[in-house]
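Student: Could you help me read a structure that is new to me? I would like to go through it piece by piece.

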Amino acid sequence: MADNYPANLNLASAITAVKFVQDKMEFGASNKFPNLAAAMCVGWGGMDGKMRQDVDKDLAEAGFKRGVDASPEAWKKRIEVESYNAKSWRCGNCGEQASIAFTYLREHGIRPLDYYEAEGMFTRHAFVIIGLDPGVDKTDYTKWNADAIMCDPWRGVADFVTGQSAYFSGKTLTHHYRED
């Protein structure tokens, strides 16, 4: 049992983070149809909502450009800005929700944390991985350590990465930021 302590702590932390984020999302995500309040807040149909506009303004002031491969320092700033704005506005899509989870876990001393995006044929989705061993191939989930945990508030998932292989299969993983 003692050998499983870090993994169990990380899983419990992911479950708590998912619940924390979902409790903060009074309006939720714009793609949880029908949700006009979230669509106006986050954006919908190619139009940015007020929260997204605020995030983009704050990120531009910090030198972060959307769609550009940014430095780790820029990603750290993005995570912090998205987390703050999404909590303030009480809405957010996957990226904002992953950012809230990341900052929540960090504030509670959970490490290491990795911020990821998975891209499929028509989708791009953000989430957090807890406990990923350093030095693993960050783009191949099949090579990750068995006790790595996925924390995905938007999908309501807190699970071992090994339990999410159907989700990861066929997607391109992009690692953006890590804190040890």
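Tutor: Let us begin with a term: contact means heavy atoms within 4.5 Å. Please also keep in mind that this is a predicted model.

Student: Good. Which residues does Asp-137 touch, not counting residues up to four places away in sequence?

Tutor: Leaving out residues up to four places away in sequence, Asp-137 touches Lys-143 and Trp-144. Asp-137 itself lies in the loop between β4 (124-130) and β5 (149-152).

Student: Is Asp-137 buried, partly exposed or exposed?

Tutor: Asp-137 counts as partly exposed, because its relative accessibility is 36% and that class runs between 20% and 50%.

Student: And how far apart are Asp-137 and Arg-155 in space?

Tutor: From C-alpha to C-alpha, Asp-137 and Arg-155 are 24 Å apart, while in sequence they are 18 residues apart.

Student: A change of topic: cysteines. How many disulfides does the structure hold?

Tutor: The structure holds 1 disulfide. Cys-41 and Cys-91 form it, with their sulfur atoms 1.9 Å apart. The link is left-handed, with -60° about the S-S bond.

Student: Which parts does the pair tie together?

Tutor: Cys-41 lies in helix α2 (residues 36-42) and Cys-91 in the loop between α4 and α5 (94-107), so the pair ties together parts that are 50 residues apart in sequence. Both Cys-41 and Cys-91 are buried.

Student: What about Cys-94, and where is the nearest cysteine sulfur?

Tutor: Cys-94 is in no disulfide, and the nearest cysteine sulfur, that of Cys-151, is 13 Å away. Cys-151 is in no disulfide either.

Student: Now the helices. How many residues does α5 have, and how far does it reach?

Tutor: Helix α5 has 14 residues and reaches 20 Å from its first C-alpha to its last, close to the 20 Å expected at 1.5 Å a residue. Just after α5, Gly-109 takes a positive phi of about 75°.

Student: Is α5 mostly covered or mostly open?

Tutor: Mostly covered: 13 of the 14 residues of α5 are buried.

Student: How do α1 and α5 cross?

Tutor: The axes of helix α1 (residues 5-24) and α5 come within 9 Å and cross at roughly 130°. The two helices are therefore oblique to each other, and their crossing is right-handed. Among the residues that meet there are Phe-20 and Val-21 in α1, and Tyr-104 and Leu-105 in α5.

Student: And α3 with α4? At what angle do the axes cross?

Tutor: The axes of helix α3 (residues 50-61) and α4 cross at roughly 150° and come within 10 Å. An angle over 145 degrees counts as roughly antiparallel, and α3 and α4 are therefore roughly antiparallel to each other. This crossing of α3 and α4 is right-handed. The residues that meet include Val-55 and Leu-59 in α3, and Val-81 and Trp-89 in α4.

Student: One last residue. Where is Ser-83, and which residues does it touch?

Tutor: Ser-83 is in helix α4 (residues 72-89). At 2% relative accessibility, Ser-83 counts as buried. Not counting residues up to four places away in sequence, Ser-83 touches Ser-99, Ile-100 and Thr-103.

Conventions. Residues numbered from 1 in each chain as written. Predicted model: local features only at pLDDT ≥ 70, side-chain atom pairs only at ≥ 80, totals over all residues. Heavy atoms only, no water. Helix = DSSP H or I, 4+ residues; strand = E, 2+ residues; numbered from the N terminus. Buried < 20%, exposed > 50% of the residue type's maximum accessible area, 1.4 Å probe, protein only. Disulfide = S-S within 2.5 Å. Expected span 1.5 Å × (residues − 1). Axes fitted to C-alpha atoms, helices over the stretch in contact; angles between N-to-C directions. Parallel < 35°, antiparallel > 145°, perpendicular 65-115°, else oblique. Left-handed = near helix turned anticlockwise from the far one by under 90°.
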